[in-house]
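Please look at the structure below with this briefing beside it.

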Amino acid sequence: MDITRADLRDRILQRLENNYGFYEEAEIDRAINDSIRILNAVTGLLQSSYNISGNSVAGQAVYTVPSAILVPLAVYFDNEPLSKTDLRSLSLDRPEWRMETTATLGAQVSRWVPLGLNRFAIWPADAVGGHTIRVDGLQEPSFTDLADEVLPIHAEHAEVIEGHAFHTLTVKEGGKIFLDSTLKVFRQQYRQKIQSLQIWADELMPYLRVQVKAEKA
Amino acid sequence: MAILVEKVYERTCDALLEPGGLQLGLLTETQFLLFVETVVEDFLKKTELVKDFFTTTGSRGVVSYQYVSGQLSLDEVYYDGVYLRRSDALSIDFTPAGGWSSETGFPERWFHDRSGPRSFGLYPAPDEDGKTITMFGAKNPMVKPLSLLSTIAEIPESFTFYIWAGIMAKIRSMDGELKDDFQASYFMNRYTEGVNIGRVVMSEALLAG
């Protein structure tokens, strides 16, 4: 079932007791977008493929990852998958790799090297140019913020997004309302759910200790 | 793939109940921009989210070289296009030749120790001028001084919430009316979460699969 932005806005506003005056639509949209971005970074929810604009350039080894990709995961040269290697391994194996091309080696482009989130290298560099280079990876979500926008989430994620967006919006309220939403929504529901969905082995979410002062009788 | 300072400012103003801009004087625009600079720099140092190649020029007989502007760290070094192995000064001390700091030739290794902060050494020192030394390491793409209209390039928008959380942690720790120990602790916790996410996605974006 598709989840539209209007659906989610309504659900979040209901949890905020329909306080239209206090919460602008743009704030709710921002909270929805943040929540989807975080869910995506933690769970690898959205993945897609983009070609490098302008294709390969003769003699060029290092390329920029398409801006719609958050984390590059695989690279294809003329639709052939390249083997992933890290910079140190390639450098130890081929100390002059930065100067090597398909022409100097008489070999096909066979490896790619991630160089952080924004760049990658291919080896050997294509001596001719004009070949397609496709990058598959975790997608950087983009939004239109229109009411009928179908959000890029599955139905089972709607509750997590709704809960996190609601919780972050209550920062504005401060005091007991934000404390309650931190304890009940963020710590008890969101944190546990997102940990069960995350694709990374590392512990990402540090435990939030909350000291609640006892009220005077 | 960029963070717009104006967007971070807007959400900060909303959270502080000053929609449309800071006007109450509890937090100034200058303080806000300083927090942005501090938090972004800290985030980039901890996550090394942005990596790039940097270049400098070798000089005959010169052992030590400085990082270039915008460079935060150093992972790998190439001299005239050739990869140099990382070493340390102590093991170079024990090379058969000895007296290494006066040797010149085509560099074979680089080292970080004994070269001071933000610098590194080559062994042996180059025997000619003008060859390119290429460094690979973390980068700070932020152009200072920041203004509300600045764009911080190369940091994915997915991390905007966490950069904002780091800024809110600082704001809520300030002495004065904005101080809120609970929110300061909450936002610091979320900022740490963002650093952790940055680190794991970077490990995926650097290591072989």
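This is a predicted model: local features need pLDDT of at least 70, side-chain atom pairs count only at pLDDT 80 or more; totals for chains, interfaces and linings use all residues.

Residues are numbered from 1 along each chain as its sequence is written, and chains are lettered from A and ligands numbered from 1 in the order in which they are written.

**Overall form of chain B**

- Chain B contains 5 helices and 11 strands, where helices (H or I, at least four residues) and strands (E, at least two) are DSSP runs, numbered from the N terminus.
- Along its principal axes, the C-alpha trace of chain B spans about 70 × 30 × 30 Å.
- The radius of gyration of chain B is 22 Å, whereas a compact globule of 209 residues would have one near 17 Å; this radius is taken over C-alpha atoms, and the globule rule is 2.2 Å times the number of residues to the power 0.38.
- Of the 209 residues in chain B, 39% are buried, and a residue is called buried if 20 or more other C-beta atoms lie within 10 Å of its own, exposed if 12 or fewer, and partly exposed in between, with C-beta atoms placed from the backbone.

**Domains**

- Domain bounds come from an automatic or database domain assignment, which in chain A gives domain 1 (5-46 + 141-197) and domain 2 (47-139).
- The C-alpha centres of these two domains of chain A lie 37 Å apart, and their contact takes 4 residues from domain 1 and 5 residues from domain 2; two residues are in contact if their C-beta atoms, placed from the backbone, lie within 7 Å.
- Chain B is divided into domain 1 (2-49 + 143-204) and domain 2 (51-138), with C-alpha centres 36 Å apart.

**Where the chains meet**

- The contact between the chains takes 37 residues from chain B and 41 residues from chain A.
- On the side of chain B that touches chain A, the largest share, 11 residues, comes from H5(B).
- By class, that side of chain B has 21 nonpolar, 6 polar and 10 charged residues, where Ala, Val, Leu, Ile, Met, Phe, Trp, Tyr, Cys and Pro count as nonpolar, Asp, Glu, Lys and Arg as charged, and the others, Gly among them, as polar.

- Leaving aside neighbours within four places in sequence, B:Val36 is in contact with B:Val5, B:Val8, B:Leu146 and B:Ile167.
- In H1(B), the buried residues include B:Val5 and B:Val8, and what covers the buried residues of this helix includes helix H2 (25-43) of chain A.

- Just after H1(B), B:Leu17 takes a positive phi of about 60 degrees.
- B:Val63 lies in the loop between E2 and strand E3 (64-66) of chain B, and B:Val63 counts as buried because it has 23 C-beta neighbours inside 10 Å.
- B:Val63 and B:Glu103 are 40 residues apart along the chain, and their C-alpha atoms are separated by 9.3 Å.
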